[in-house]
Amino acid sequence: MPHRTIHLFRKGLRLHDNPTLLAALESSETIYPVYVLDRRFLASAMHIGALRWHFLLQSLEDLHKNLSRLGARLLVIQGEYESVLRDHVQKWNITQVTLDAEMEPFYKEMEANIRRLGAELGFEVLSRVGHSLYDTKRILDLNGGSPPLTYKRFLHILSQLGDPEVPVRNLTAEDFQRCMSPEPGLAERYRVPVPADLEIPPQSLSPWTGGETEGLRRLEQHLTDQGWVANFTKPRTIPNSLLPSTTGLSPYFSMGCLSVRTFFQRLSNIYAQAKHHSLPPVSLQGQLLWREFFYTVASATQNFTQMAGNPICLQIHWYEDAERLHKWKTAQTGFPWIDAIMTQLRQEGWIHHLARHAVACFLTRGDLWISWEEGMKVFEELLLDADYSINAGNWMWLSASAFFHHYTRIFCPVRFGKRTDPEGQYIRKYLPVLKNFPTKYIYEPWTASEEEQRQAGCIIGRDYPFPMVNHKEASDRNLQLMRRVREEQRGTAQLTRDDADDPMEMKRDCSEENTARGKVARGRE
């Protein structure tokens with residue numbers, strides 16, 4: 001018998017390539033598209049900040065509009081997940097609940113609770129993988145039940161799996177017409193809230209607008225330049241360009257407004273027509289596979305988002321210094337390049353990947369020797385593309401706690417930014433207090449004379465802080481600490497060691513990737 005179905009949107013906030021929603025429509029006589037706005041869950045499990053709230057609400061409003069065009073409605077129900085489901089399953093005589101399968105512990109626990117509720121109340125639960133390229137369980141099975149801990153090993157496993165499944169077909173009005181829609185009054189009762197309803201700031205300064213429509217528009221805009229797509233190499237992008245030099249699509253993948261499988265397939269089509277194209281790990285497909293790598297490792301690694309009890313992470317006695325952490329978080333380190341990055345992060349919810357490297361290195365092994373977990377929490381709150389697996393994986397990487405082993409490479413908070421933006425335009429934009437300094441001082445304003453500081457309208461120590469550390473002394477000390485840790489915990493360090501796994505290297509020889517078999521590892525020829 002056809003089902004009466006609640007389709008639960010969680011991260012897959014889109015209609016294109018949505019295998020779970022398609023399965024729900026094909027098996028139902030009535031369907032209720034629902035988003036449960038569980039504020040306590042979003043705050044405690046995902047630590048969502050104001051900019052991410054805006055992006056989420058924009059994404060929900062866009063999803064509602066796109067559903068409306070197909071004759072359906074999105075119902076946003078506020079409350080705790082289990083009580084909302086318990087109430088509405090009984091009220092609407094629901095026989096099936098559908099939802100995307102996710103790999104984060106809190107989403108797995110949620111699905112397990114929904115299945116228990118289904119056994120109690122008599123409804124079936126259907127889930128499909130839609131947020132990643134592969135079902136991570138298949139990768140684990142091929143690797144003997146454990147995650148491949150190096151990118152090279154990961155690509156080898158993927159070469160056995162072959163290319164990801166192709167995206168499912170787009171949904172149409174006919175799909176929804178075959179199912180009875182909820183009564184119209186429900187849409188008004190369960191409308192998408194506005195920021196004021198949730199007591200968050202009414203405006204967002206971020207240039208990223210949430211939603212499938214905007215995500216697809218940005219995708220098409222990037223794919224029109226097929227030469228750029230074919231030759232993209234991530235290390236050559238510019239960390240302090242005033243406009244993103246990467247795709248800027250990551251917030252849309254994170255929230256599920258864009259399908260990663262759709263992007264992968266479109267890239268494959270472009271590569272197939274190109275005489276030459278870049279390869280993993282630095283190509284655009286390579287970036288999607290890095291995402292998949294972290295998803296796979298996180299799905300099967302205990303305590304992945306913390307140091308203690310994490311079997312692949314070095315156990316380091318980081319300093320606990322709330323004052324220094326606060327200065328880093330609030331862009332008061334006294335290093336303009338670092339503070340400009342942290343200002344952009346707070347204002348816009350996005351920073352370039354190399355800018356992330358710079359501030360993460362500064363906080364951890366470079367200068368302050370503060371735990372990567374603290375930085376991860378800040379990024380989780382402020383980044384629009386914050387992602388359980390990628391965020392924790394990258395912070396372990398950048399702190400040299402796992403995955404990254406060239407720990408002697410420490411980013412200089414002065415020279416690194418100056419190399420790609422010698423005029424300091426990025427600093428002048430995000431730290432206007434320094435905008436009048438001559439170029440020779442813009443990265444080191446404390447070296448300007450008192451008179452020159454007065455002429456620039458900024459006195460160091462009063463209008464902008466002195467550097468909070470001596471970079472050379474701090475980095476030399478921390479390098480010795482890290483060397484000692486790695487010698488003492490050599491076994492743990494070796495778990496994720498593979499010299500081919502270094503995406504931060506500015507010049508890379510990709511020839512090793514050519515030895516892997518299969519289209520995924522090589523890119524299409």
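Predicted model: local features only at pLDDT ≥ 70, side-chain atom pairs only at ≥ 80, totals over all residues.
Residues are numbered from 1 along each chain as its sequence is written, and side-chain values use heavy atoms, with hydrogens and water left out.

The protein chain has 25 helices and five strands. Helices (H or I, at least four residues) and strands (E, at least two) are DSSP runs, numbered from the N terminus. Along the principal axes, the C-alpha atoms fill a box of roughly 80 × 55 × 45 Å. The radius of gyration is taken over C-alpha atoms, and the globule rule is 2.2 Å times the number of residues to the power 0.38. For 525 residues a compact globule would have a value near 24 Å, and the chain agrees, with 24 Å.

Contact means heavy atoms within 4.5 Å. Among contacts between residues at least 6 apart in sequence, 78% join residues at least 24 apart. Of the 525 residues, 60% count as buried; buried means under 20% relative accessible area, exposed over 50%, and partly exposed in between (1.4 Å probe, protein chains only).

A nonpolar core is a set of buried Ala, Val, Leu, Ile, Met, Phe, Trp, Tyr and Cys residues joined through side-chain atoms within 4.5 Å. The largest one here has 170 residues, and those touching the most other members include Tyr35, Trp92 and Phe403. Helix H14 (residues 284-299) gives this core its largest share, nine residues. Leaving aside neighbours within four places in sequence, the contacts of tyrosine 35 include Phe9, Arg10, Leu56 and Ile77.

Arg10 is also a contact of glutamate 111, along with Leu99, Asp100, Ala101 and Ser127, when neighbours within four places in sequence are again left aside. Glutamate 111 lies in helix H5 (residues 105-121) and is buried, at 12% relative accessible area.

Most residues other than glycine have a negative phi. Glutamate 199 has a positive phi, near 60°, and sits in the loop between helix H9 (185-189) and helix H10 (212-223). Tryptophan 369 also has a positive phi, of about 55°, in the loop between helix H17 (353-366) and helix H18 (372-382). Are these two residues buried or exposed? Glutamate 199 is exposed, at 73% relative accessibility, whereas tryptophan 369 is buried, at 2%.
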